[in-house]
Amino acid sequence: MPSACLNPRSDGQCHVSPTRLLDARSPSQMTLFPGGFTGPCPQQVIPGPPSRQRTQTGCTNRWRLDRPFSGDLLGQAQVQRAVSLTHRTARSAGTFRTRDVTSSRDPPLMLTDMPQTTGLSSGVHSSPEHSFYLLSQEVTQNAKPDAVLECLGSIWELHGQFLSRSETLAELYMNCKKQRSILLQSRAGSRQTATSSGWRGSAGRWGRTLREDGGMGTSRGSLKRPILLQLPVHDPSISKEDLSFALRTLYRPAERPERWEGSLLSVAIMLGLSQLYQRCLNEMMVNITSLTVCDFHRVACEHKQTTLQSACERWLELFLVTELSHQIGLRDLPFDLLLKTLRCPRVFAVNEYDLLKTVLNWMYLQLNPAEQTPPSHSAVNSFFCRSVGVFLEQPVGQMYLPLFQALRLHGITERNHVKEIQKINVFPSSWLLLTFSNHYYSIHSGGDMHMTDFSKHSIRFGMIVEGELQHYTRAIGLYGFYFLLKASRVGQSDSFDFSLERLRHWDPALTESCRTTQPFSVRTERCVRYQVRVQSYVRGEWLEERSGVVSQVFGLSKRRCRSQVRFKRMQ
């Protein structure tokens, strides 16, 4: 606590030394004149030079120049630290405010009390502890706390009527309260025994007694003091921001975070907040995106939330290729979850080549953890082309073999894509030989494919239906046969009619390059086994319809070129 020191001079005058600071723990050296100067001192105090005049900052012995100085780095740091004092320091301490000493009517120092609620200045970011303190004081109207929670290296003041909403904190509070009562009774009995036996030792012996209740049950009035609660946190994903939000919901259940994260579900389970727990589940179910799916799935697995886990896996089946594969968050996708998604027959992809690119992007991010942006396709290809030897034959690539075994490389038939597979040094020569042999056999067999299991060996083609168009089409080709996948809106509703139609080589749905550079089969009839599957997410519910495996002979006439499967599906 700073103070001004009066130095009398031989000529009966005195002056103020504003640069001399005295410790508040030495009261014999400190003299305050609340009513002004008296005695032989003159009525007017001569201030020091302007360059040496300082003003006080904060509630501790910190002083700074009256005018800001760009080179006074220490003073600037002290100002920032003084303004950013926590509410506990602000409530337990006062502050001295210096006044302009120009006349004898103004006292040199004034002691003012700090308000119960202190806000941060407009340039300082509010801390999680401060946000919780302001809300709790607003709701309780500055009531004194009943308990003090020590968690994550911070102190959180809690009130009994709100603390009971948490099962964990309520149980911890009751146990500590019972423990403190037992300890106080034992201490009172020990004092009575010592007095009756005639013991007159020093009171310091009792002061050295181990305080098993965290120091809250000592001396008189201890029953009215807040109880110290210590709660360890073993989940590294829980931060102070998450704990602050969870504690704020005790006082204001409608409180909402900036964004819903998996760590909020973890802290809700840790504190036993059933209402917050259900809110987290509901919000996470409808907020699964490429930024949150990996985090949500991890938390769901840790806490055995099968509903949320299934929702995340279902989202990956539809949006792994179309959304997550282009995000840096693909790095956080676990190996087992990626493999499970690739093996799922419902996984959506525009073609088989997109699934291969997704796996290569994921492997690139795993092998280059310093990357902070999604890699380009050329960067990924260049990385694997520089590999010394075949990547999957090296020790580092052995663990990734199941991912490529889950792919259907025989479904990659485009010329540019096949050349790229040969160029990147990823696949063993035996894999490439088997894939190209299947292509050769199918072409020379009139399009027949060697297939034993339709669900594992069929080639997948996909189309995204979104927007307000009346018709959505996509042309697909395989070994000289071309088909049109079509979705037509039924009237003005959101229902669509899906069908598959065989195309002729002069059909306008085919591009000019396809008609001039791609082979065509002249066979008038072609037996095709196919399955049409439609998947969507409508009003928080996953919907799916499929035709089942159908064998149909497609001809070139209008009567025989369309599929027999036609069904309506909500968008």
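Start by selecting R298 and D295 in this predicted model: they form a salt bridge, with the closest N and O atoms 2.6 Å apart. Both sit in helix α10 (residues 293–302), three residues apart, which is about one turn of the helix. R298 is partly exposed, at 31% relative accessible area, and D295 is partly exposed too, at 23%.

Next, pick E317 and R314. Their salt bridge has its closest N and O atoms 3.1 Å apart, and again the two residues are three apart, about one turn, this time in helix α11 (residues 306–319). Check the burial here: with the cut-off at under 20%, E317 counts as buried at 9%, and R314 does so at 7%.

For a pair from distant parts of the chain, go to E283 and R256. Their side chains meet in a salt bridge at 3.5 Å, N to O. E283 belongs to helix α9 (residues 274–286), while R256 is in the loop between α7 (240–251) and α8 (262–271), 27 residues away. R256 is partly exposed, at 49% relative accessibility.

Last stop: helix α13, residues 352–367. At 1.5 Å a residue, its 16 residues should span 22 Å, and the end C-alpha atoms are 23 Å apart, which agrees. Color by accessibility: 13 of the 16 residues are buried, so the rest of the structure largely encloses α13. Then zoom in on the start of α13, where a side-chain oxygen of N351 comes within 3.2 Å of the backbone nitrogen of Y353.

Definitions and conventions: Residues numbered from 1 in each chain as written. Predicted model: local features only at pLDDT ≥ 70, side-chain atom pairs only at ≥ 80, totals over all residues. Heavy atoms only, no water. Helix = DSSP H or I, 4+ residues; strand = E, 2+ residues; numbered from the N terminus. Expected span 1.5 Å × (residues − 1). Buried < 20%, exposed > 50% of the residue type's maximum accessible area, 1.4 Å probe, protein only. Polar contact = N/O pair within 3.5 Å; in protein donor to acceptor, adjacent residues only side chain to side chain. Salt bridge = Lys/Arg side-chain N within 4 Å of Asp/Glu carboxyl O.
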